[in-house]
Structure formats: C-alpha cells, structure tokens
Amino acid sequence: MLILNCPYCGVDAEETELTAGGEAHIKRHGPGSSDDEFHDYLFMRENPKGVHFERWRHSNGCGKWFHAARCTATLEVFGTYSAQTTEPPKEIREAISAKRPGWKWREFE
Amino acid sequence: MSEPISALNHASYDGIARIEECGLQGMITLRGDLSGKVVIKAVKDATGQKMPGQREAHVDGETGVCWMSPDELLVLVPYAEVEAKLAAMKDALGGVHALAVNVSDARAVFRVSGASAREVLAKVAPVDLSRDAFQPGQIRRSRLAQVAGAFWMDGEDDFRVVCFRSAADYVFKLLKVAAQPGSEVGVY
Amino acid sequence: MSTRLANQGRLIDRSKQVTFTFNGKTMQGYEGDTLASALLANDQMMVGRSFKYHRPRGIVASGAEEPNALVGLGEGSRFEPNQRTTTTELFDGLKAESQNHWPSLEHDIGVVNNYVARFLPSGFYYKTFIHPKPFWKHVYEPIIRQSAGLGKAPDKETRDADTYEHFYAFVDVLVIGGGVAGLQAAKVAAKSGAKVMLIEQTAHWGGRAPVDGGTIDGEPVDKFVEQTVSELEAMDNVTLRLRCMGAGVYDHGYALGYERISDHTPGAQGPRHRLWRIRAKQIVTATGAIERPLSFAGNDVPGVMLASAMRDYVVNWGVTPGERVIVATNNDDAYRTAITLKKAGVDVLRILDARDSAGPLADEARGLGIRVDPGKAIAKVKGGKRVKKVAICNQNGIGGAREEVECDAVAMSGGWSPVVHLWSHCGGKLIWDEANAHFRPDPDRPPLGANGEGFVVAAGSANGPLSLGDVLTDAQAAGAAAAKGAGFKAKAGKAPVGETTAEAPMEAVWLMPANAEVQLRMKSWLDFQNDVKVSDVQLAAREGYESVEHTKRYTTLGMATDQGKLSNINGLAILADSLDAEIPKVGTTTFRPPYTPISMGAIAGEARGEVFQPIRRTPMHDWHDRSGADWEPVGQWRRPYAYVRPGETVHDAVNREVKNTRENLGLLDASTLGKLIVKGPDAGKFLDMMYTNMMSTLKVGKCRYGLMCSENGFLIDDGVVARIDEDTWLCHTTTGGAERIHAHMEEWLQTEWWDWKVYVANVTEQYAQVAVVGPNARKVLEKLGGMDVSREALPFMEWRDGQIGGFDCRAYRISFSGELSYEIAVPASQGQAFWDALMEAGKEFGVMPYGTECLHILRAEKGFIMIGDETDGTVIPQDLGLHWAISKKKEDFLGKRAQERSHMTDPDRWKLVGLETVDGSVLPDGAYAVGEGVNANGQRNMIGRVTSTYYSANLGRGIAMGLVKHGPDRMGEVIEFPGTDGKIYKAKIVDPVFYDKDGEKQNV
C-alpha cells in the first residue's frame, strides 16, 4: 500500500486517503480535433515497466489533485508535484535521472 | 423558525474515552486566496484569529479558523451568529474572488476526550496520533474508517471531530466501538 | 506414552491447575500450558486425522508451523475451526474437538481412503472427475464438497460474540520476533533514539534460545532475556507487544500485526483481536528458523515429532512425548534433544545419525550412555495410532537389512530453515546456502521502499546464522542497520557474546534412506496436512510438472493452512532431484501473507453489525423509520421506497402513494439530492463546459434542467441548475452524484482550467429539501403562509428565497412528476420541524409522504429519464431524445467532440421509446427485445432492452421505457421480449410520455 506525499497539505498520505486518477500530462483535444487525435486523447495510454507519471487526488484529505512520478516495477517514488503543470518539472526529471539514468517517458527524458 | 436540532442532539457515551455530540456549531466554508489581505482581514474580523498556516487550527471554544487546503478555510463561529458573521464576511470579500458559504447544518461535531482519546482516534484514522506527531493547534483531514472527517485538538486528550451530518450516526457508533471498555491499547 | 515430567517446565505454573475438555473428555493441565502440551501431558498422542487419507495424526511441532494438531475450539458463538493446539494457550474451561473424522477420532470411516491410497495419487481428482459431464452436478460435486475442508464452519445462524479493531501505528523501526535476535536488534535500534516497536507472536519473550541452552555474556539465556526486556520496557521510545504476530509485510513499509488480546481469556471485556496497521521506516524480521522433518516411511505416525519440538515440550512445559525415544538426524542440534530427554529421565534408545561423524555434542550424548549409530537411518516407523517400532537401516541404501527396535516416540531433525516469509512477502529475494541446505535472505536484494532503498533487514536465525553467538552478532548489526535506514545514528557497540557447544556440519538428507524403494516413498510424507508424499512429487515431475508453482497446485504440496512451513524445502529438494536440477534453480513457491491464518474478525475490524458500512441519514430519517418506511439503499443513503401502512403490502403502498400524489398532495424527502455552489467570475463559462446546455445565459432567479456528460460523451448526471446571483449558481445532482460530480468539477478546475476563477463548495447536507407535489401543493404552502407562491410570483422553473410557515427557505418551482410541485430547502437542523409543519398543515389536503418507487413511477409516466435506469455508462443524451438540452451554439463542452464520433452518430443506435404491453402486464426489468436472425454466436439478434418498467396505478396498466433500434421510427410496432420466466412479452412502441402529454398539470 503506497504512501505519497501530498504537495498541497504536506501529509504523507497512505493509499486509503488517495484516489488514483490515471496517467498524467494528457493534452485535452476537443471539438475541431481530428479523429486520431481525439481517439489518442481518450484511449491511448502508456503502460511502462519503470518510470511513470500519474495523477492522484488526496480525496480523504485536502481534496487536491497532484502528480506523482514513480517506478511501476519497484514502486519507488521519485517525487510528487503540482497538478497545475503540463509537464514534469525540472527537479522531478533530475531526481529520476539520478536514479534511472537514460529514462524515457513519452516525449520526456 | 423552530428550535434548530443537531444531527444527534447531544448524544454521548462513556468508554475508555468520552464521546459526545457537541450540538450545533456555526461553520463557514471560505475559499479564496489565503495570502490575500482582504481574506486575512475577513478571517480576523470574524474570529479574532490570525490566518492559519498549513494544517493549522486556531480555535478557541466555538470560535476559530482551520486550514483545510491551500485555498480553503473552515471558519468557526457560535451557531447563533453565523448568518450575521457570514453577511459581514461576504461584504468584506465583495471586491475579491472568494466563496463564503454557511455549512453549519451540513456537519456534525463530536468531542472525544479522556486519557485514551488519542488511541480511540488512532483506531479509525490512518494518522500518526502520537504526541510528537499530533498536537493542539494542528488539524488533520482524513477518513474515519469509511467516511471523510477532520479533527483537531482543543487540549491534551481532547479532540474535536467533524464529519458530514448524514454520517453522524455512523461516526458516533464507530467511535463508541473504538472506545468500548477494555479496549485501551496502552501506547499513547 | 507421553506424560508430564516431575521436573522442568519453565513456562508452566504447577500451582495453578487448569481443567479443559478434548472430544468431551475432561483433562487437566497447568497455567502456562499450550493446548498441545496439555494434550501430550494427558497422553493424547492422536489429535486429528489427515485431510485426504484420514490417517491418524499427532502433534509434530511446538509452534506456528504445526500442520496436524488443528482442532475446533470453543462452542456456539465462540466456536472456531482449524485452531492450532500449539499456539493455543490453555485456559480453564477450554473445549476442543478434533477434526476430519466420522463418527469419531478413534473410529473413522474416511480412513478407507488410506487403504486405497495407491489409487489416489496426486492429480487424482483432476484425472477422475471429468466424464461423464452430467455427473458433475449430481455425483462428483456433492461428494467432493462433502469431503472438502478440514474443520467445520460455524453454522450459518451463529454470530461471532466478540468485537475486533484496527490500530494505526507509525514507527521508525518495527522488529518482528521477540527471540534473542529480535530483542537485541530492538535494543540497538532503540538506543539510537528511533521509535521502535517489537512484536512477538507467543506469550513469551526469548524465543527458543532459552530452551537450546548456552550462555550470553557468561550468563544463562533466560537472564539476558529478562534484562533486555526490562531495559526495553524502561525506554519511552519502545512499544513491546506479546501475542502479536507479524502477519505480513507490504509496500512502502506497511506491515500487519495480528494481536490476540483475549484468545486465552475468552469473554473478557474489550476486543478479542486487534489488527495493527503499522507504517515503519524499517522492518527487522527476527522471525527465527523452523526445523525440517525427515522424509522416511511412517514419518506421520503420532509420536513422530520434530526434535526441537520435543525439546520444547520437555523444557518449557515439563512434558515428554515418549518414554523410549529414538532420534533421527542429519545434524548436531538434534543431539541436544537426546541429551535433554536423557537428563529428564527419559530413555533415549538410539541416535540414528545419517552422517558418518558428528561433533562434541555426540560425545556428550555418548557420555550420558546414549547409543549413537552413524550412517544409520529410519527405514520405517511402525504403528497406527501411535509409534510402536522403528525399523532401522543404512542411510545409503534402499531400506533393506532392517533391525527393528520398539519405542514410543521418534524425534527427527532434517536441519533448519530460516523463516523468510516476511522478508519475501514484499519482494525480498533468497539465496541458497549450501552449508546449511536452506534458503536465506539475500542481503543485496531486499524489498524496496518508497525511496528505492531496502526497508527490511533480516536478523538472527531468520537471516541464516544458527549458533547463538552468530545470531547475536547478526542481530546487533541488523538493529544498527535498521536504525540507520530510518535516519538515526546507531552506535556500533559490541554484540553480547553468545556461547554454545560447537557443531559439526550438517549434511542434506532429502530422503531416508537415500534410495528408499517405492513402497517406502509412498509412505514418506512431505506435507502432513495435505497428505502429499515423496512419491506424489516424483509422479508430478514424471508427468511433466517442472515448475515448482505448477507442482504445488497439482500435488497440493504447501497449500494447506500451514502453507508448507514444514514441507516447502523438502518438497523442493525432491522435485529438484526428480528433475535432476539444482535446488536454487527450481526455486521456491511464492510466500504470501498472512504468515499464519488470521481471523476474519481482525480483518474486518470494527466494520460489522451497525458499523459494517456507513448509512447516510437525512434529517427526517427517524420520522420515515417510525412511519413505515420500507428502505431502499441509494448509494450510502437510505431512502424510503414506500411508507407501508398496517395491512398493506409494499405494492399496495406504492399504488396508494402514486394515486394520492396525482390527486391530492405528496411529500418527498429530497434532501439526498446533491447541491453544489459554483461561484466566480468564470463560473458561467465553467458550467457551459460542464453541462451540455447553456448555463451562462440563465437569468438570476431562474432554473434550468441540465445534462452532464463525460469526455467520452456518455451521460453521467442530470439535475436542475439555479442561478443565485451574478456569479453564483447552485447545481443539483442526482442522489448518488453529489460527491462524484463535486470531484468531477474539482478535477477539471484543478487539472485543466486552473487559471479560471471558480470556486465550488458541496452544500448538499446544509439543507433538508422537501418536494411538495400535487394539485394541493400550493394550497398547503399558502396555508403555512409567508412567501407568495402563486403562479405569477413564482412561475414554473424559478426560485425564490423567503419564509414559509416561519421557516427560512429557498423554494424552487420545479417538477419531476409533472404535477404542480415545489422543492423547498430549509436548514437541515430544522428539516424535521418543517416536515412536521407540512404534514400537519397538509392534513386537510390529503397529504401523504411518498417514497422513491412512487417518484419513479410518476417520472416514468411523464417519460422523464433517470440516471442509472435509462443510462448505464454507454448512453448519450441523443439516444434519449434529449437533443433539446444540448446546446448547438456552444463551441465546446465536455462530451461534445465525442458525440461527433462515427459510432455516436450511427443511426442504428438504440433510442428511447415508451413501451406498452399488449395485455397491460408489466414488462420484466432489463428484458431484451429480439429481432430477426442470429448473430455470429448463434444467438438471436437483440434490437432493444427495457430500461424502466412499472405498474402505473394512474393508468391501470404496465408502462415501460426502453432503448430500441430505430425505435422512434417504429411507433405502433409490436416487438417481443422473451422473459427469464419462459414467457414472451409483447409490447407496442409508443411515445414515452404516458400521462398529461401537454404538461398542463405542472404549469397551473
């Protein structure tokens, strides 16, 4: 059972306080987008063994959404960060590079 | 208007801790920029309290203010004064983007007190309730077994627990089980 | 015979006699006994029968690893099957019953399986119960069910008399196991300042070191234990817990401790078990080691016991399992048992050592006059319900040239295996230790925590070392490593010096004798509880089961309640040998929590009876309950389905409510509907994205019905939205939807449009809301007085703040029934008083409360959809004919793009229609309509399904709604719905509005 630090209220929250929200940093496509773009937006997801970026909500807590970078194989958590960003911040990417040199995830590395 | 009645109308129970429903408490959910001068002043005017920092609760009896999230406070005022305080607060907040709303009747409040109060809470919330981890002046939002709840300490061995009004009966029964005689854990 | 000795027994108090019963027979024991030691003291060698062959079985072990001695414990509301006698503390009045036999332990019919054992090899059930197919239901399954399981489940009417609880604990270092290693590791960690919790599954500190002897810093082990415990007790940062088993280790330092608070004092005040949900930065597993049995023929006869267990019974409880004992071993440690027995006055006839030579303990044994036979083995143990003779042979042979010796107990030792379960639960890897022939934790591959570092350290014999000195040195290092891992500085310090007699190396013995012939292998048990023999594993290997996990499932090796604690390594070795592979290549099966079975009560904790799950109550809940409410769960809420009067059926009540609401006046508790305040300069823009229709243009004081879709285009919620002021809206959600839709709004505000200035608050429970419905609705409100609720002052789809009957309220003129209808919201704390006032004032207008079924029928008569009935997560608003509620002006809203996808615009999508049975009967809920032809699977093609179906008392017939292919184009057509009752229901496709088609009644 995971523990993730909520960057909004500072609590090291165990999983029973949290709700998982799927993959992070997905760009919304609305009216005007092509069928392929919209299809990918709705359905195409990463399924990595290793570094992954996810959305979580501190639902039994401060109610805020946040992002987590973690390893799906070892469950190592590289960091949690604000939901108000479209890409992983530099310090998170660096923290991952320190532990998993050469990592890649979608367009990030 | 008729006499307002709280969810459990002051029900109480004595076990390894005393559980009592506190009756009606005036509560205002205030959302806004907590670092903004207008919001800080509105809180001060309503409660006499300073703006709480992350997970802080500045509470004195029926009056106070609790940090709920980076943009949300729970403002406590005596039940009879809530409409007047809310109106004043809305006035004061007129110029800024903020939301103040009366939630007094949407909640139930319990007092859990006595030597084993920490242990009773630690049976239902996944929270470190040891003395070095949780102290008066702090608030924690978490879950109480299967429902959402929040609690702070008014003093050593003295908790106030807030939950949704519809869950009051569940939380009361839950706390009664957790406080049943002979269930002291002996760690706090 | 097994008997109580005149001396020894460090754990019993001979001054306190305890009376208990076994199979109805009254027996005596002492305080401090386990049920197992007390049974042995009463010469109860046979304590149960095995699972498959019903062979007589006795006590093999002295702790959690016991596979045989399981009993039904207690009676009535405190009865529990499959309780291990070895971990059951004796108490006055204890009642135990042996298991898996009929009619009695001594005379058992099922033992016939034993005599046909050669026809019941591994895989027998898989191979046999296949054909003919119809036999399954009527012959095979009943037989298998009859013979399956060990103990009896409590009867279904019985309720557990006890309570249980959870406790959340947070520590720096959790030490699991209170033997000398655990104590020392805890002490080292605690001295660093770390917050330490030490848990021990038995009622005593010290583990087995006090039994095995030796000295620590020159003093007896008992003294070290006593001193260390008192030192730990004196430290504020240490929590000590006896009778608390480390049940499992999970991700990110989560561990479960299973505390048995009152198993030994049943009926005591307080919870029976407590499940500790512990978060530890570091975990030390000081879980000790378990002795392995030897695989020889008849190793399951009552009286054959692990050598260490026999030693435990003598030293701890002053009981000897036999008076003439033979010891079989492949290591020096078993000599300690022989010496202990001899010194206690028991005849030790032989020590059969499979090796050619032994260490100094052998000299000591010889010095006591015990005959030591090197290179010898047990060919077979003879005896049925207890050991009678042992046939002795050479270890290197097939079991011939035997000498028979009469005896009444056999002590066996095949070496020691570290208890690696907790290390392994969360991914810790093992390495094979050739010298000791066991798997031990690989310190380079520990379970990894949230920071990517190892969070489990094994200590003492759980880590491999077996001698007292090595155990203490290892524990010292483990305690320091754990403290360091938790962020503390531990002083290196010197470990206490443990001294015991040096031991010669053991030699792996996986079969005794080494080349035992098949008749012997067929009686050499690996898994006592599940009746798996050496020959079964060999058969599995021959039949192609190369993976240890497959072999486990094929043979059931290690699948019993003891999870292979004794059988695991022996079984692996046999498999490896059969496959001609190395043991580490074959590997182990997966270790899964819990370490030993834990009670269902402990898992549930407080969640039973009244607090099994939260039941949400409106302010008027108690009134409903007093007034005949037949409750319906709606999410966690309970809503009255109908108010049943004396003499009425539920159906009668519903029909009465339906007619009365249409003809007079009905009251509905609508407090459960979600109410969300949405406020801010961008609130209008935001709601235009949330709803399919336009909310930004709604005028202050007015209401609008809105639909919400997911990004997939599917309808997820609906409700009436009211504009409160220039930048504030109040959104009603469905009963189950308040929290879900609140979270949905917050998700979009926090993660997509975080620059939009909008705040949302859930005020659902601030209000008690009452729907006042029916032709007399206005009259009752006017009688109460206050707000002007006339047609002119409060038109349809508007709201006003004011007072009614002296209650501050907000009145919405909205209708979900097609009747003249107001929904009045008052503060929740006055909900009951307001309801009472309406009931009182409504008497002259024929007021009756109505429930959710009436609500459903009224809305269905009007063709109004219900989220969850007409929608199921695959339905878009267009399917339901709700085009009028989908804005064509808006560039974007959630779901808009999805609704343009080809599948969503397919003209073949099933569409909402009304359905009228030809004969007026009620269509079965969820029934499918069948069309022409068959699909690829040969099933009839489906052309639609029923989404809502009711008996309408107002129309005197069944009415229904459904989704039908090309439905709106097929008005008047009759289609067929085959029911599960075998009948074909015929229904005509009609307009979904059955009642007051022009909507005149709600507009008066």
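This is a predicted model: local features need pLDDT of at least 70, side-chain atom pairs count only at pLDDT 80 or more; totals for chains, interfaces and linings use all residues.
Reader: What makes chain A and chain B count as being in contact?

Author: Residues count as touching if their C-beta atoms, placed from the backbone, lie within 7 Å. By that test the contact takes 11 residues from chain A and 10 residues from chain B. On the side of chain B, strand E5 (63–69) and strand E9 (139–144) each supply at least two residues. E9(B) gives the most, with three residues.

Reader: Which kinds of residue make up the side of chain B that touches chain A?

Author: That side divides into four nonpolar, three polar and three charged residues.

Reader: How do you know that chain B has domains, and which residues belong to each?

Author: The bounds come from an automatic or database domain assignment. The assignment divides chain B into domain 1 (23–102) and domain 2 (106–180). Their C-alpha centres lie 22 Å apart. With the 7 Å limit for a contact, nine residues of domain 1 of chain B are in contact with nine residues of domain 2 of chain B. On the domain 1 side, strand E4 (57–60) and E5 of chain B each give two or more residues.

Reader: How many residues does chain C have, and what makes some of them count as buried?

Author: A residue is buried if 20 or more other C-beta atoms lie within 10 Å of its own. Of the 1004 residues of chain C, 57% count as buried. Chain C has 25 helices and 52 strands, and its C-alpha atoms fill a box of roughly 115 × 70 × 55 Å along the principal axes.

Reader: Why are strand E20 and strand E21 of chain C called paired?

Author: Two strands pair if DSSP finds at least two bridges between them. Six bridges join E20 (residues 324–329) to E21 (residues 347–353) in chain C, and these strands run parallel, so the pair meets the requirement. One bridge has Ile326(C) with Arg350(C) as its partner in E21(C).

Reader: What makes E18 and E22 of chain C edge strands?

Author: The five strands form an open sheet in the order E18-E26-E20-E21-E22 (chain C), with parallel pairing. Strand E18 (304–306) and strand E22 (372–374) of chain C each have a single partner strand, so one side of each is left without a neighbour in the sheet. Neighbouring strands of this sheet are turned by 20° against each other on average, direction ignored.

Reader: Which helix packs on this sheet?

Author: Helix H8 (residues 307–317) of chain C does, touching E18, E20 and strand E26 (409–413) of chain C. The direction of H8 makes about 85° with that of E18(C).

Reader: How do you know that strand E52 of chain C pairs with E47 and E51?

Author: At least two bridges are required for a pair. Four bridges join strand E47 (residues 910–917) to E52(C), and five join strand E51 (residues 974–978) to E52(C), so both pairs qualify. Both run antiparallel. Thr917(C) stands opposite Ala987(C) in E52(C), while Pro978(C) has Ile984(C) as its bridge partner. The hairpin of E51(C) and E52(C) has five residues between the strands, and Gly982(C) takes a positive phi near 90° in this hairpin.

Reader: Which residues form the covered face of E52(C)?

Author: Tyr985(C), Ala987(C) and Ile989(C) form the covered face of strand E52 (residues 984–990), whereas Ile984(C), Lys986(C), Lys988(C) and Val990(C) form the uncovered one.

Definitions and conventions:
Residues are numbered from 1 along each chain as its sequence is written. Chains are lettered from A and ligands numbered from 1 in the order in which they are written. Two residues are in contact if their C-beta atoms, placed from the backbone, lie within 7 Å. Ala, Val, Leu, Ile, Met, Phe, Trp, Tyr, Cys and Pro count as nonpolar, Asp, Glu, Lys and Arg as charged, and the others, Gly among them, as polar. A residue is buried if 20 or more other C-beta atoms lie within 10 Å of its own, exposed if 12 or fewer, and partly exposed in between; C-beta atoms are placed from the backbone. Axes are lines fitted to C-alpha atoms, for helices over the stretch in contact, and angles run from 0 to 180 degrees between N-to-C directions.
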